[in-house]
Amino acid sequence: MITFIPRDKISENWTIIGPILSIFLTVFFGLLIFTFLGYNPLETLYQIFLSPFSRIDRISDIFVKACPLIIVGIGLMLCFRANVWNIGAEGQFIMGTLLAGSFALLFPSVETKFFIFIMIVIGFIGGALWAFIPAILKTKLNVNEILVSLMLVYVAMLFIDFIVRGPLRDPMSFGFPLSKPYPEGAIINKIPFPSIGYLGQLHYGVLFIILLIPISWLFVNKTLSGFKINVLGAAPKAAKFAGFKQNTITITVLLISGGLAGVAGVIEVSANIGQLQPEVSFGYGFTAIIVAFLGRLNPVGILFAGIIIATVKLGADNAQMSMGIPKVVTGLFEGILLFFLLTGETLQKYKIKWSKVT
Amino acid sequence: MAIKKEPKILLKASKINKSFGNFVANKDIDISIAKGEIHALLGENGAGKSTLVKIFYGVLKPDKGTIAINDNEVSIPSPNSARKNGIGMVFQHFSLFPALTVAENILIALDKKIKFKDLISEISKLSKEWELFVDPLKRVSELSVGEQQRVEIIRCLMQNPKLLIMDEPTSVLTPQEIANLFKVLKRLASSGCSILYISHKLEEIIELADQVTILKSGKSIATIDAKKTNTKFLAETMVGKEITDLKKTKSMNVTKDIALELKGLNKAKETDFGISLKNVNLKVNYGEILGVAGIAGNGQVELMEILSGETQCEKENHILLETQPIGFKNITERRLLGIETIPEERTLHATVPNFTIAENTFLTYFFKYPKANNIISNLLNNPQNSKIESENIIKDNDVRCPEANPLANQLSGGNLQKFILGRSLANNPKVAIFSQPTWGVDIGAATSIRQKLLNLSNSGKAVILISQDLEEIFELSDKICVINDGALSKILPVAQITAEDVGLLMGGKLETSNEMETT
């Protein structure tokens, strides 16, 4: 039987060995799998890890890809710090996008870019409302938020599917489940650089991260509300002793994280898609859970974790496109990477003891 | 009786060493336990008693040192192998599942396979033989603490132990239950089973033990014949200095002014394993200490939470501060009104273990900092604001810290308690309510905490002391009442009640408060 014994303090050796060993094992198993499946293993690894850094526009795209992951991850950080397990950011992402998108489609001729700020606010409200359901069920009826938030993801997926096939379908879309294109005011533009032009898909929405990271850092470390969240997660009874209201905190973190997921959706769709379609998220809400934990529930950590995950996702896309490796294979590789990264993380805090079952 | 020459010594440990990081918990400890001997292990908190017995029970591995059982050197890598070597242990905090029956709980811990029916008959046999009466088919959640302890002991006896380790077994028992336990332990010893008995209660050790080994800062400093010593000598050897007696200035300043009053307070339990408070009436005057005795789990936690404001009262006038109804006031509002509570659990309730002392000060001080006209500093109201206060608390209360602004879990139990008390008392409360203030702290710290309580009442404050330690209750209180199953007995002056009465009340034997009045 394997037992995990908490270390007295975080092992310094493992903070160095851990990540190196994780990468080594990932590469090793990657080589094994790719060779076995008949792909050039070294080239595949190059595509996944290094090709995203090979050109400046590709580097820009890393940030584009990381943008929604980081925004959702920051919201989830608040929940997880308070021991509130919001697993449904994917659904909140979709509902925020849907509400803001539907609103935008009401004004087909709006041109002012100020409109995008209204959309962000509405997206926040949409995501927050969707998170309000698990929040109210948890605080009033003590219903487990993991189940409710997760199941609402599938409700949201089917709901947006219904909307774009039905009420909001563009009559000119030749039967495709697509809404009309967003008005000009609802589109987030790419950032033009003098004498270079555009850098990949780099758009103004990415600037939101630059705002979000320091604000969220201040919030969790330097405000009373942030302190309350930390106390609730670390010792619920101590929170009660301090007079912090557990239910208020629970509802607040769920609303903020749902709201941020909605904002991430608005930015993602307004910048990269420009209309509503059945699939708007591609799993950002779920991947952000990993980003939040890989970033150790810390805003700066989440920034880096988002970039790492985005790199591998883009690298996997490159491998699919240039080498024809199926998505399931690159997905498998991503899984191996996360598995070993989290194992390394665990070994910093725990040691493993093997013992015979008696 | 034995034909072969059997060794007299059952367990002999030599040069046991164990460190946690830089902290040396056990240093070169030698101890030998004879067969059929009751061997007491005495020491202040943090002296290394628990570490040592955990090594014997296979929970911890020693860094150095050897353990021999019957002259054969053994290694004990796990509790399983400890049990195979004939070592059983009853922990201070019981490890029973409340939702399961007695028999099921025993079955879980059993290494051998046995039919359920045989198990029940075996339990009944053992419980009759040793007068450890429990119903094997009863659920543990329905048992009293004393009965739960019997289950733990039976569980050990099922394994035919040669050595039974008992970690502070009496801290949760009534005087009558303690007497019963001692009878059982003495019978066990005379039947040949050795007992390693951990305690910090000196009278008990004198009464029960044959030998006492005293630990101090991880070293074994003496092994004494318990029959030839006295409590004062034991205490001074344990602490390493002369013990200053409490300056008893009890009842100096008791007034007739009611400080806090509970009137017919009812509160239904919030969980299945909670206790409902039933028609609780209580009065405490300025300048007096009211002691609330009782066995753990009889509603002390619920009473504490309703006094502190952590749980909601059903009616506003259930609680009166002087004449002001405060039943609906929350804990922060009550702090502002001058009511401070010091809960039983020092970590995870009164403090957050992995937060710094400044952060833990901020925990109950945060509402003091906002200023009316500075939006930015109000927005950034954070633990940094508590820095000076936390440093003052540490200085004024002699809290010994390993570094400036340490994490709460870096402090020893006694020092953490000094911090918690200091944090509350720095607010200069009118009413201070303590739950188990000296639970698990060393004698030196306990004496200083008790002195603080006396000083508080002498300076005209009202003090409520909820404690399981009867000695402490009698030593400090001006008036005493007993909580049993969520109901409070009549409050009587300390001169009018004996320890026996309190013991009976604790066990729920004296039903109504009217009976008390006639005695």
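Reader: How are helix 8 of chain A and helix 10 of chain A oriented to each other?
Author: In this predicted model, helix 8 of chain A and helix 10 of chain A are roughly perpendicular to each other. Their axes cross at roughly 110°, and an angle of 65 to 115 degrees counts as roughly perpendicular.

Reader: Within what distance do the two axes come?
Author: The axes of helix 8 (residues 224-234) and helix 10 (residues 246-272) of chain A come within 10 Å.

Reader: Which residues make the contact?
Author: Helix 8 of chain A puts in Lys228(A), Ile229(A) and Leu232(A). From helix 10 of chain A come Gln246(A), Ile249(A) and Val253(A).

Reader: And how do they divide by class?
Author: Four residues of that helix contact are nonpolar, one is polar and one is charged.

Reader: Other topic, the two chains. How many residues does each give to the contact?
Author: Chain A gives 16 residues and chain B gives 24 residues.

Reader: Which elements of chain A give two or more residues there?
Author: Helix 8 and helix 9 (236-242) of chain A do. Helix 9 of chain A gives the most, with five residues.

Reader: What classes are on the side of chain A that touches chain B?
Author: That side has eight nonpolar, three polar and five charged residues.

Reader: Now chain B. What domains is it divided into?
Author: Domain 1 covers 9-239, domain 2 covers 248-338 + 429-519, and domain 3 covers 353-427 of chain B.

Reader: What separates the centres of domain 1 and domain 3 of chain B?
Author: Taken over C-alpha atoms, the centres of those two domains of chain B are separated by 38 Å.

Notes: Residues are numbered from 1 along each chain as its sequence is written. Chains are lettered from A and ligands numbered from 1 in the order in which they are written. This is a predicted model: local features need pLDDT of at least 70, side-chain atom pairs count only at pLDDT 80 or more; totals for chains, interfaces and linings use all residues. Domain bounds come from an automatic or database domain assignment. Axes are lines fitted to C-alpha atoms, for helices over the stretch in contact, and angles run from 0 to 180 degrees between N-to-C directions. Helices (H or I, at least four residues) and strands (E, at least two) are DSSP runs, numbered from the N terminus. Angles under 35 degrees count as roughly parallel, over 145 as roughly antiparallel, 65 to 115 as roughly perpendicular and the rest as oblique. Two residues are in contact if their C-beta atoms, placed from the backbone, lie within 7 Å. Ala, Val, Leu, Ile, Met, Phe, Trp, Tyr, Cys and Pro count as nonpolar, Asp, Glu, Lys and Arg as charged, and the others, Gly among them, as polar.
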